[in-house]
Amino acid sequence: MKREPIMFVVVLLILGLMTYSLLQEKAPRKARTPNPQALEEFRMGSEDPVLSLGSGPGGRDLFKRPAADEPLEPLPLPDPQLAPLAVLMPPPMPDSGPSYWSEHLFQLAPSLLGDLNDLVDAGTVEDTAGSSDEDLASVFQDEADGYKASYDWVRLDPLTILYGHLVGENRYDYKKGETLQFQEVNPRTGTERFGLRPFTAEEYTTFGFAENLHNEVELGVREQRARLSPSRIAPLRDYVRWLLDQGLAVPGAFVYAEELAIASVNLDQDDIDNWMLLGEVWERTFDLDRAFALYATLSGDRLPLQVEDFGIEVPQGRFDKRSAPRVRMGMILRSLDLDEVAEPQLQAAADLNDGDPAPLLELGILFLDSDRVAEGRDLLERAMGLQKHRNSNSGLRNSLALGEAALRSGSWAAASTAYAEAERAANTNKSAGLNARRGAIAAAYLAGNFSEASEQATSALQEFGTDATLLYLRGISEGADGGSAGEVIRDLRAAAAAQPFDAAPALSAMAFWLDRMGERELADVALADALDLSPQHFYSRYLKANWAARDGDSEAAREELQSLVRIQPNCAAVLAEFSSLLYSDGSQVQAEVAFRRLEELFPEGVLRSQSAPAWAGLTLRRGLNFLALGELELAMGSFDQALSMNAELHAARNAKGMVYYREGDFDATIAEFAYLQDSLRDTEGHPQAEYAQIWQARVEEHAKLRLWVDAFEGKRLRAGWDTQEAARLGVEPRLEDGAFWISGRHSGVGETKAYRTVPGISFRDFTTDLTIGSGHRGEAGAYIALQNRNKETWYFRVFRDRESKITYEMSRGSRVDPPVVTRFQLREGESGLVRFSVNREGTQPLLTVWFNDEVLFSEQVSNLRNPTGRMACGLFVATSGALDVNASIDNVEMIFAQQ
């Protein structure tokens, strides 16, 4: 029979048997219904079923393996070395204000060429031995011209001139052909000759007065009196203003100015300019009450007090529709520091809208001085549109104010244009031209064009002569351009000497550059002098705070910076100093508020710039502050931003490695440190490369380390302790009362040890609490020892000797160093913390031993360099006879490297 049919039959038989067995099973019985009874009520005890689990001293972590070790907590990585903050260079005059200083004056490590030795002026002596007769003749001026400048004179004939003094009450009224009263003098000595003598018309041909300012005033006034007429009012007004300019040198000029001003009013009382001229005379002679009363009367305002006689009848409200009187009232109020009262007067004048640019001009200047720059600039532009003559005093003042408004707005190009137009319009007005040139130099300096500013200042000094402000501008521009130290300090000293009562800017600038040159003592003196002259000078106070922070006086720096931030909350350089100080002081939350505000004040385009090193350093510091706050994502964003602003900011790469490490990304941490080292491999000794190298090695080493902890909490010793090998004197180490004790009585001289071992090359740290129990009569302590085939080849012990003194000793092979007795004691029943630590970073391992956080020993130990045996760590007791021993260790922590 074939195989397939046989298999078919067998399968059928099996299936039949299974079917038969299923049909023969009985149906299951119906379950009985149990007799219902009430369950006993469940009551929960007062104990918490979780917390009440074995938590007593004999308990153990139920989820912890007896011999388990664990990785160490991540290393606390320190900040990489940070480059110093940028510093704020001295501001110019005129100035934009602190809000715009930081745009180009906030610089990293500005420096000068040379040093203070460059201040020695090596002058040359000219050789005059070969001077020609013509050169010698040019040294002497014409004697006659020189004498005429000092003396009155009378010419008797073409060859004879007498010098002396024309005398008489009406001497300035002498006319040619009249008899002169003349006192002759020797012009070389000034002594009188002969006596007073008359000269009749037949005795002289002509005469003249000494060419000095006093005589010029007297003769000019008489000429103006003689030519008074309505057609000459305009030149008369100009002459009155010239007299006012000479009033301090010739006191009588003020009297004459008032006389001629009243005369101009009498010539044409309907011309408001004549009345304004009279008021100007009283203002310039400090008779402000009378000037204000005049303007108020002309405007129609009633004054509460009776004013003295004006010397002329003033029509009440004659010019109530004209703005000029109210403008002058506002200016008087401003001169008295009453800006709040002056503003309504100037606004009322502007509301008259009479086509006069003065109300808009003065109101715009008031707004500038009140830091309402945008409003002021708008008014000044409107005023300029009303100016009839840009070369007039009003037009020039308007142009200069527009330049200042542009500076105060941070519009350097607009400021340069405004000042250039003002200088062109100034023409012969030397004072306005000088102010315009100063403004143009300041605009170039604030725009960061330091070389251009220096060249302009040099040119201006040649054109306008020595001027304190120009010297200051040249000094700071030359310094910002990295010029000669000698020239910078020389200019600033000259500027300070030229304005001794307003020298704070020059002195503080000099202090800044002296400090940059390393002349700290001289810098301190200069800054102290600046603050003595002007205690509230903003830049001087900034320097004071900056130096205090640098010198570690954070309390003084913080107090000063808080004050400066309140005064100028938009000064980025001050806020940079303040936020960085808060971070370094550990005030991370406050520092973040300051950093956030600082980033809002970054100059436009900085965050998108690829070259902004001064600001990149601050962004890096903000990232480190985020890191200290635990905001890892924000910190990483700041570091990336800092690198985009300055690709050479290698500290930011190290900081990124710190973030990766905090995130637990070990591979990314190592990669970042390795990338930086590779980037800087050609830069020997670079601090960021050294940081990356050191901390990469430490992180890699730290990742291998394991922590083994034993608090002796269980009923049995954890695996790994050797309690038998070195227990030979009848005392066995044991676990008792939550500590590891060696207690009992030695049978003789010797010692008992209990220890745990790890490979010698793996050992890093061993820490334990050492306690000496009552009745102990020998030495007892903690120790580490290298063992090779159960034989100690090296050990270091810290123990309490027989007199309770903490002592340590070290065995180097066959040689045992003499014991060192320390100043510490450990009495019975007391505990002391003993720690042994091996640092393997150097060429030789460094062993450091502590007792209660005090270093007992710290030296390189060559025996630990490449040990081949195992390191035993534990407790020992030793006696000199059959004596009681009683000592313990507890809270053991051991760190070793995983092999």
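Colour the protein chain by secondary structure: there are 29 helices and 24 strands, taken as DSSP runs (helices H or I, at least four residues; strands E, at least two) and numbered from the N terminus. The model is predicted, so local features need pLDDT of at least 70 and side-chain atom pairs count only at pLDDT 80 or more, while totals for chains, interfaces and linings use all residues. Residues are numbered from 1 along each chain as its sequence is written, and side-chain values use heavy atoms, without hydrogens and water.

Keep the whole chain selected. Of its 899 residues, 47% are buried (under 20% relative accessible area; exposed is over 50%, partly exposed in between; 1.4 Å probe, protein chains only). Among contacts (heavy atoms within 4.5 Å) with a separation of 6 or more, 59% join residues 24 or more positions apart.

Next, select helix H1, residues 3-24, and find Leu15 in it. Leu15 is partly exposed, at a relative accessible area of 48%.

Now move to strand E6, residues 180-184, where 4 of the 5 residues are buried. Which strands pair with E6? One is strand E5 (residues 160-166), antiparallel to E6 over 3 bridges; pairing requires that DSSP finds at least two bridges between two strands. Show Gly164 and its bridge partner in E6, Glu184. Another is strand E7 (residues 197-199), also antiparallel to E6 over 3 bridges. To view that pairing, select Leu180, which stands opposite Phe199 in E7.
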